[in-house]
Amino acid sequence: MQIKGAIRFLASMMVVICIYYLSFTWITTGINNDAKEYAQGNVDKKYEYLDSMSGIVVYNLGFREYTFRECQEREINLGLDLQGGMDVILEISVEDIIKAMANNSKDSTFQQAIVRAKEYGKDSRDDFVTLFGRAFNEIDPNAKLAAIFNTIELKGKIEFNSTNEEVLKVIREESKSAIDNSFNILRSRIDRFGVVQPTIQQLDKEGRIMVALPGVDDQDRVRDLLQGTANLEFWETYDNTEVYSYLLQANEIIYGVEEARKDLERLEGEVEEVETVKETPTKEEGEDLALLDQLDETEKGDSASVADGQIAERYPLFSVLRPSINPQSGQPKESSVVGMAHYSDTSVVNSYLKLKQVSTVFPRDMKFRWHVKPFKYDDSKSFYELHAIKVTGRDGKAPLDGDVITDARSEFDQNSGAAEVSMSMNVEGAKIWARLTKNNVGNSIAIILDGYVYSAPRVSGEIPGGHSSISGDFTVNEAKDLANILKSGKLPAPARIIQEEIVGPSLGHEAIQSGLNSFLLAFLVVMAYMIFYYSRKAGLVADIALIVNMFFIMGVLASLGAVLTLPGIAGIVLTIGMSVDANVLIYERIREELAAGKGIKLAVKDGYKNAYSAIIDANVTTLLTAIILNVFGTGPIKGFATTLLIGILTSLFTAIFLTRLIFEWYLKRNKEITFSTKITKKAFKNTNIKFLEKRKIFYVISGVLVLISLGSLFTRGLDPGVDFTGGRSYIVRFEEAVNTSDVAISLEKEYGSAPEVKIFGDDNQVKITTKYRIEEDAAEVDHDVETKLYNGLKSILGDDVSFEDFNANHRMSSQKVGATIADDILYKSLVVIVLALILMFVYIFFRFKNWQYGLGAIVALMHDVLIILGIFSLAQGIFPFSLEIDQAFIAAILTVVGYSINDTVVVFDRIREYVTLYPKRDRHSILNGALNSTLSRTFSTSLSTFLVLLTIFILGGEVIRGFVFALLVGVVVGTYSSLFIATPVVYDTVHKKGEEKK
């Protein structure tokens, strides 16, 4: 009873937690629907509405209030393939970092070592620092790295007599620090981009960073943002006491301009008078009126208004910019901060300050810059401070750049124990810094990166020598962040995009529709099958478990902040098919117990007890596959693995515990329960198929299929995607059907050689693959390649299609994979497959204490993989859908491995049981009996999974059709091999061992 109580409590808690996390998605969906209704098809109006709602509390739970933006951050994340966006992998060149650390030394040994390390990197998995050290020692064993790296920047870390090993250690630490700094800068830039639920993470490979930006549609802006070099600057500032009077004047001018606009609106109906008024404003006034017209009324003070209607009308600037005023004295505060605005109002403030009449009020050397982070003492984290900086130089440049910084670190004040930041500069920087601090005692100096203020410390006195300490109300993390930002001023290497994937919003919308349609239909198919095969009541119990399982999966995804992708939906749908397997195993056991003459209560009890072993073994193997994919996969593959992993765990809980509670509730009330219908009652009863007698026939059939597969693989090969070859691919949609040859010829004129062009789905949609300029790293290359793509297709698209229209409505998606990362993807894919096979063998050997079982399983798995590869090789170019070998295909192969081993382990589990129950029977009878007794389970699970996958294959969309086709083939081949290959191999090896012992 205690266990049952614990299960009920756990189930109740899971329901409450899932409802809590899914409720945020429900709230945001409602507001998005309101935005669509308000916008009436106008995209700009939709985003204006959503932006105005961002800071408003839309969800009140009593103990906590959530704004719309906070709800967005907690809703279920949709991947790029479901909502469009951009997914990139950037690389920080460790080679460039090493060169910069050596001040671009011209030493011949150093230069040769760099070149040789790059060559080694093509075939080695070691990091670049290790390869560089190895190459340096090979070229000249007596050469000293310390002689090259003993620079001013590394003084104190590398001495002239330091060993090569010590120098390499410092190089590795400095390289890691530079990469971490780049990561922090990228994260800061992405936070400012305004994307909801962006993803940024460092990958295992040194210097690589993955960034996912859902919903973005300005790819060039993203590329510039991510690949731009860090620009750290130190600026003098104005004090707020000097600026406040100018802000008051600006308010008066803005008020006057807005009043003039209202006068125009009042006179609009009287044509002659309106014409007279229109002649009255000066040129500058006219420009200001036009600029104000661009500001939507809903943007001004919507969420951040600090005054009532009358004051806001009289002081329009202060209605969106809270002036920095001391509340006690009513006087301006002494600070570089002149005011504070809600983030949704910052664009309004910018527009007001750009007005020509307003800009003339302020001194010519006064500029305004926003703080990069929200005001730390504001609980909503929605308000940003505005600083006034002083541009004193004629060239408009900062008096001091960040490249003079040699070191920065977070420390603790020896007296107060408070966190602070220490900073060191080179000789040139120290001189400028001494003059700058001397001239600004009592004022602030703003530390600005990429145009945003990170800190504005007040100068307490002249700082000679270049060694400074920045103190303030810092937390430990804030001090570390500021130190990293200061060190970023000497970043030697920008980030370069080496892999990129772009999905257009229309393709994402189509993916959602097709994904949901396949999901719902597959769900209904499985539910109907369970009722058909196992009766209304028993089938209904399994269906309840299935519904709760889906609810738990979505709730857990939301709670983990996991990303739901199209392969992720495929993973969920596959989980539907596989989750019934646990119910099928239990139901089949109960049917066997009933057939043995037991009463319904005892049959249910023993059925659950006897099914546990097979359920655990079958699911652990699939679980291992999901873990491998989750650890080694990225992007959509990781999404697939995550949903599969969650689905396996939740399906075990619902199938084993939830259904048991329901059945016990039924049985306590003496309700009649059956586990078959009249049609299925005698299905697979008393079957006596001679599997082992016919094994040689199936060995021959399988041998022929494997030979054909190998022959095709060696002659026709496979169709590797850009994941493995490197290159660029574009999916382009036309208004009418096109000829692939015409497309290739048109693009050959632009690219110099014809790209590969294939129909992708309907005959008006093609996939274009090219390696044109893939080896070049320059930031402008991507834009140039896309421009040539547009120019080459313009004759087919029509002259009325502009470049912007082409990118928005015709280029459905694109992918770029650099040559180096393609090699890494191929290597990692091979490692993953080999690792999966080894883990399967080890697990089966551990569970069954017999290497023959592991051998039988591995032979069956290799058989399955070879036949799937063979079918993809033979069918490429014949089937009307893509059969490219990419990362998704590797995920499919591993899923098939997990599924096939699942099937095989259920049979092995029954063999192990029969060996114990019938010790006097010969091995031949036991193996045949085990295969026949599990035939009903094999049929039910395989059929339900096949029907689910067939539904996805038909309705799931072109993007995942090849992926699902691999799974379809895998289910058929995997079921075949578990019956006709794995167990016969076990029989032959065990039988031969027994003969040798005799």
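This is a predicted model: local features need pLDDT of at least 70, side-chain atom pairs count only at pLDDT 80 or more; totals for chains, interfaces and linings use all residues.
Visitor: In β14, which residue is the bridge partner of A408?

Guide: Two strands pair if DSSP finds at least two bridges between them. Strands themselves are DSSP runs (E, at least two residues), numbered from the N terminus. Here the bridge partner of A408 is M423 in β14. Strand β13 (residues 405-412) and strand β14 (residues 419-425) run antiparallel and are joined by seven bridges.

Visitor: Which residue takes a positive phi in the hairpin of β13 and β14?

Guide: G417 does, with phi near 80 degrees, and this hairpin has six residues between the strands. In the hairpin of β5 and β6, with five residues between the strands, G207 takes a positive phi near 85 degrees.

Visitor: Which strands pair with β6?

Guide: Strand β4 (residues 85-92) pairs with β6 in the antiparallel sense over seven bridges, and V88 has V211 of β6 as its bridge partner. Strand β5 (residues 199-202) also runs antiparallel to β6, through four bridges, and I200 stands opposite V211.

Visitor: Why is strand β6 described as largely enclosed by the rest of the structure?

Guide: A residue is buried under 20% relative accessible area, exposed over 50%, and partly exposed in between (1.4 Å probe, protein chains only). Strand β6 (residues 208-214) is largely enclosed because seven of its seven residues are buried. R208, M210, A212 and P214 point one way from β6, whereas I209, V211 and L213 point the other way, and all are buried.

Visitor: Is K668 buried or exposed?

Guide: K668 counts as exposed because its relative accessibility is 57%. This residue lies in helix α23 (residues 636-668); helices are DSSP runs (H or I) of at least four residues.

Visitor: Which residues gather with K668 in a patch of positive charge?

Guide: Patches are made of residues with over 30% relative accessible area and no salt bridge (a Lys or Arg side-chain nitrogen within 4 Å of a carboxyl oxygen of Asp or Glu). Like charges are joined within 9 Å. On the surface, R8, R669 and K671 gather with K668.

Visitor: How far apart are L710 and L866 in space?

Guide: They are 7.4 Å apart, C-alpha to C-alpha, and 156 residues apart in sequence. L710 belongs to helix α24 (residues 695-715) and counts as partly exposed, at 29% relative accessibility.

Methods: Residues are numbered from 1 along each chain as its sequence is written. Side-chain values use heavy atoms; hydrogens and water are left out. Patches are made of residues with over 30% relative accessible area and no salt bridge: like charges are joined within 9 Å, nonpolar side chains (Val, Leu, Ile, Met, Phe, Trp, Tyr) within 5 Å. Accessible areas come from the Shrake-Rupley method with a 1.4 Å probe; for residues, only the protein chains shown count as cover. Lys and Arg count as positive and Asp and Glu as negative; His and the chain ends are not counted. The place of a charge is taken as NZ of Lys, CZ of Arg, CG of Asp or CD of Glu.
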